[in-house]
Amino acid sequence: RGGGINAAGYCFVANNFVEGNSGGGVCCQGGGSYVNNTIVANMDGGLYCLYLGPLLEIANNIFAYNSYGISCRTPGTFSAVLRNNCFYNPSGKDYEFVEAGTGDVQADPRLVAVQYGRIHLQPGSPCIDAGANDLVQPGWVDIDGQARIEGDFVDIGADESDGILRDSSPVIIRVSPQGDDSSSGSSW
């Protein structure tokens, strides 16, 4: 069920972008920490908990445009600490058999263009400065290699906003059998 990441045992999963899997984004089969990930557009859900270990912490993550956000299909056995996550799954539930966490946001994270794999936070995103700093380790960087905390608080998700409004139009790359690898693909 974990098309992107299948985590078994006690795992530490941080600062990842998991997108567009025909299965789920992440399948958790034990305890651990899931921190500062962006999990979007997965056909079989964002995070599926198969069973739990001694501790499961889910914080500072974006779960958006999945068939559901987070699910534990065994009601009554799910005991995890959720906090400071962003859930936005308009075609499905955000939470299944689990309650919202402290500081969780249920709103559009305002990502540039999920359909093109561009998951930077746009200005005005509810995820900017909305994370928990105590989960960020010294020296961490985001998906662009920028410092993990820009401002007072870490941003939710795998991207730390630089405040730039990014273009969301599709990128067209032209490929020709007679072309060469030195061409940028911006023209024929």
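Analyst: Two strands are said to pair if DSSP finds at least two bridges between them. Please keep in mind that this is a predicted model.

User: Which residue in β6 does Glu19 stand opposite?

Analyst: Strand β3 pairs with strand β6, which spans residues 38-40, in the parallel sense and over three bridges. Within this pairing of β3 and β6, the residue in β6 that stands opposite Glu19 is Val40.

User: Which strands stand at the edges of the open sheet?

Analyst: The open sheet has four strands with parallel pairing, in the order β3-β6-β9-β12. Two of these strands have a single partner strand each, so one side of each is left without a neighbour in the sheet, and they are β3 (17-19) and β12 (86-88).

User: Is Glu57 buried or exposed?

Analyst: Glu57 is found in strand β8, which covers residues 56-59, and, leaving aside residues up to four places away in sequence, Glu57 touches Gly32, Ser33, Tyr34, Val81, Arg83 and Leu135. Buried means under 20% relative accessible area. Because its relative accessibility is 16%, Glu57 counts as buried.

User: Which residues touch the most other members of the largest nonpolar core?

Analyst: This core has 19 residues, and the elements that give two or more residues to it are β2 (11-14), β4 (26-29), β7 (47-51), β8 and β10 (70-72). A second, separate core of 12 residues includes Ile62, Ile119, Cys127 and Ile156. In the largest core, the residues that touch the most other members are Tyr34, Leu47, Ile58, Ile70 and Leu82.

Key. Residues numbered from 1 in each chain as written. Predicted model: local features only at pLDDT ≥ 70, side-chain atom pairs only at ≥ 80, totals over all residues. Heavy atoms only, no water. Buried < 20%, exposed > 50% of the residue type's maximum accessible area, 1.4 Å probe, protein only. Contact = heavy atoms within 4.5 Å. Core = buried A, V, L, I, M, F, W, Y, C linked by side-chain atoms within 4.5 Å.
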